[in-house]
Every structure is written in structure tokens, then in C-alpha cells.
Amino acid sequence: MAIDPYANCNLQILDNDLCTLETCCLAQSSFLYIPSYGGNIFFAIWFGIMILPQIGLGIRYKTVSFRENLSETHALTLQQWGYMGAMITGLALEIIGYAARVQLNNNPFDGDSFLMYLITLTIAPVFISAAIYLCLTRIIVIYGQKCSRFLPGTVAIAFMTSDFLSLLLQAVGGAIADTADTHADSQTGIDIMIAGLVLQAISLAAFLLFVADFAWRCHRGVLDQDPAKQRVRNQMMFKAFMASLLLATVVILIRSIFRVAELWGGFDGALWNDEVDFLILDGAMISLASLCLSALHPGPAFGGQWNAANWSFRAKKNATQVEKPSSASSLRSWRRLGRPSTG
């Protein structure tokens with residue numbers, strides 16, 4: 001039975017954390033509805049299930065790269081976080097967010113649970129997007145770096161930097177919006193969150209444009225002729241993986257656009273207070289993305305070539321070092337050939 005959100009309001013209680021459904025109205029909570037138990041527990045369990053293949057296949061195919069390039073640098077590089085690390089972080093945040101919504105079903109006035117829900121479910125797709133970006137850099141190596149307008153390292157830096165800024169804006173905005181004492185401060189936090197979500201949507205749209213350009217250049221250009229890379233490209237699973245990667249990107253973009261529209265109307269807006277829209281355009285979209293990235297995991301899709309498709313920020317420097325002979329080696333060659341004639 002639907003509850004009138006404005007029935008039994010008690011403005012004498014200034015701290016909403018002290019409210020209960022017996023003493024206050026729903027309008028004094030974070031929503032004009034009580035978050036459903038069934039829908040939110042379903043998504044919490046779903047994302048928990050999706051973590052399992054990420055851990056198993058990630059270890060099996062070593063899509064986490066903490067030990068790569070340690071001979072070159074003692075600092076962690078962007079790709080050392082790895083596909084597995086990004087996916088597990090994103091899925092774990094989804095679990096925490098939906099668990100917080102389950103807690104809000106028990107107590108819709110719980111400010112800590114609301115803050116946990118708001119921040120985790122807002123930033124979780126940022127990490128899933130990062131995993132997608134890492135996949136693209138490996139795909140570029142498989143097809144040939146000459147087919148890309150930019151080197152894999154440049155692509156990684158550009159999209160990961162945008163991801164980080166989006167993450168920062170959404171997290172800071174969410175914290176400000178929830179802890180604000182005035183409507184103006186709350187709106188400031190919402191505006192910052194919207195800026196982060198808009199940046200994420202723009203990044204995903206730019207990513208799709210880059211993918212389209214890369215696909216066109218691969219179609220018109222000459223692909224890498226390495227036999228191992230040719231075998232990967234010809235596998236049906238690899239082609240299905242790339243289709244799933246594209247679908248995951250599109251649904252995350254749909255979710256980001258929805259969250260922008262949702263927050264644009266503020267916490268009093270119609271979209272913010274419609275749980276069905278939220279569960280479909282946020283929960284279901286990210287669930288579909290996680291299914292795509294787990295069922296068609298890059299480990300099997302790359303056929304054991306995930307680490308072989310590695311790239312390095314220092315590749316060019318290393319190549320120069322290999323090609324340049326040492327002075328001692330040059331001197332030995334000069335002596336072996338004999339002093340060249342001067343006349």
C-alpha cells in the first residue's frame with residue numbers, strides 16, 4: 001500500500017536522523033518513497049555474483065598487472081591497477097550501495113546509509129569504465145598501433161585522467177549535498193555531482209567516437225601481421241568480446257545521462273523520487289554492463305595474449321636503447337673489420 005509522503009510531518013524534529021515513520025513523514029527523509037527490499041537485495045546479490053568470475057578469470061589469465069614493468073619503475077603505473085582491480089572495485093561499490101539502500105528500507109531516515117548509497121552508486125561505474133578503457137589499449141596492440149591516431153599510453157592517460165576528475169567531482173559533490181545545512185549548499189553539491197556525471201558522459205561519448213575512428217582505420221589500413229595477434233583477431237570469442245565491450249559502454253552512457261537528468265531536478269524532482277526509473281536506468285544498465293564484462297571476459301577472449309598485448313610508456317625509450325650499440329661494442333667491431341682506408 002502506498003504511503004502518503006507528506007502525512008504525519010513533524011517540523012519540530014530538526015535532526016532527521018532522529019525521525020521514525022511514527023514521528024515524521026517520508027518527505028523528511030531522502031526520498032518520497034521507501035526503497036524496495038526485493039529490488040535492492042537482488043542487485044546487491046547480482047553484483048556479488050559478478051565479482052566471482054572477475055576474481056577467478058582475473059587470476060587465471062592474469063588481467064591484473066601488479067608485477068608488470070617492475071624492472072622499469074618502482075612506482076605503480078596506470079595499467080598496473082589492471083582490469084581485474086578496476087572491475088572488482090566497481091562491483092564492490094555497487095554491492096555496498098545497494099546494501100545501503102536495503103538499510104534505507106529498514107530506516108529511510110538513516111543519513112549514514114543515504115550518504116553511503118549516494119556516493120558509492122554514483123562513482124562505481126567510473127571504475128567499470130576504467131576497465132573498459134584498459135581493454136581498448138590492449139585491443140589497439142592486437143590490431144596494430146599504426147591503425148590508431150594515438151598510442152595506447154596516450155589513450156590510457158587521456159581517458160583515465162577524465163575518469164579520475166569525474167570520480168573526484170562526484171564524490172565531493174555527493175558529500176557536500178548530503179552534509180549541507182542549507183538548501184543553497186545542498187544545491188551546490190548537486191551541481192558538482194552533475195558536473196562529474198556530465199564529464200563522465202562526455203568521456204564515454206568521446207570513447208565511442210575514438211572506437212569508431214579506430215575501427216575505420218583498421219578497415220582501411222594494414223593490421224599487425226604477427227601470427228599470434230592474427231589468431232586472436234580471427235577468434236569468434238574475441239569478436240563477441242568486442243561487441244560486448246561496445247554494449248557495456250553504451251549502457252553505462254545511458255546510465256550516466258539518466259543520472260544527470262535525475263540530479264538536474266534536485267532531490268525534490270520527479271526522477272529522483274521514482275525508484276522504478278532508478279532500478280531500470282541505473283541498476284539494470286550497470287547489471288547488463290557487468291554481465292557483458294564477466295560472461296565475455298577479456299582473458300579467454302584474448303586467448304592468453306592479454307599480457308602479450310601489454311604496452312609501456314617507456315617502449316620508445318627502450319627501443320632506442322636496444323638499437324644503440326655500446327661504445328665498447330662499436331670499438332670491437334671497428335677492430336674486427338680493420339681500420340678503414342683513408343686514401
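Me: What is the mean pLDDT of the protein?
Reply: This is a predicted model, where local features need pLDDT of at least 70 and side-chain atom pairs count only at pLDDT 80 or more, while totals for chains, interfaces and linings use all residues. Residues are numbered from 1 along each chain as its sequence is written, and side-chain values use heavy atoms, leaving out hydrogens and water. pLDDT is the predictor's confidence in each residue, from 0 to 100. Here 84% of the residues reach 70 or more, and the mean is 85.

Me: How many contacts beyond four places in sequence does the model have for residues 66-81?
Reply: A contact means heavy atoms within 4.5 Å. Where pLDDT is low, the predicted coordinates should not be read in detail. For residues 315-331, with pLDDT under 50, the model has two contacts beyond four places in sequence. Residues 66-81 also stay under 50, and for them the number is 35.

Me: How many helices does the secondary structure come to?
Reply: Read along the sequence, the pattern is α-α-α-α-α-α-α-α-α-α-α. There are zero strands, and the helix count is 11.

Me: Which arginines is Tyr 117 in contact with, leaving aside neighbours within four places in sequence?
Reply: The contacts of Tyr 117 include Phe 31, Gly 97, Trp 272 and Phe 278. Also among them are two arginines, Arg 101 and Arg 259.

Me: Which residue forms a salt bridge with Arg 101?
Reply: A salt bridge is a side-chain nitrogen of Lys or Arg within 4 Å of a carboxyl oxygen of Asp or Glu, and by this rule the count comes to six. For Arg 101 the closest N and O atoms are 2.9 Å apart, and the partner is Glu 275. Arg 101 lies in helix H2 and its partner in helix H8, so the pair ties together parts 174 residues apart in sequence.

Me: Which residues join Arg 259 and Glu 262 in one salt-bridge network?
Reply: Arg 259 and Glu 262 pair up with closest N and O atoms 2.6 Å apart, and both are buried. They lie in helix H7, three residues apart, about one turn of the helix. Salt bridges that share partners extend this into one network, bringing in Arg 255 and Asp 282.

Me: Is Asp 224 buried or partly exposed?
Reply: Asp 224 forms a salt bridge with Lys 229, the closest N and O atoms being 3.2 Å apart. Lys 229 is buried, at 17% relative accessible area. Asp 224 has 23% relative accessibility, which means it counts as partly exposed.

Notes: Helices (H or I, at least four residues) and strands (E, at least two) are DSSP runs, numbered from the N terminus. Buried means under 20% relative accessible area, exposed over 50%, partly exposed in between (1.4 Å probe, protein chains only).
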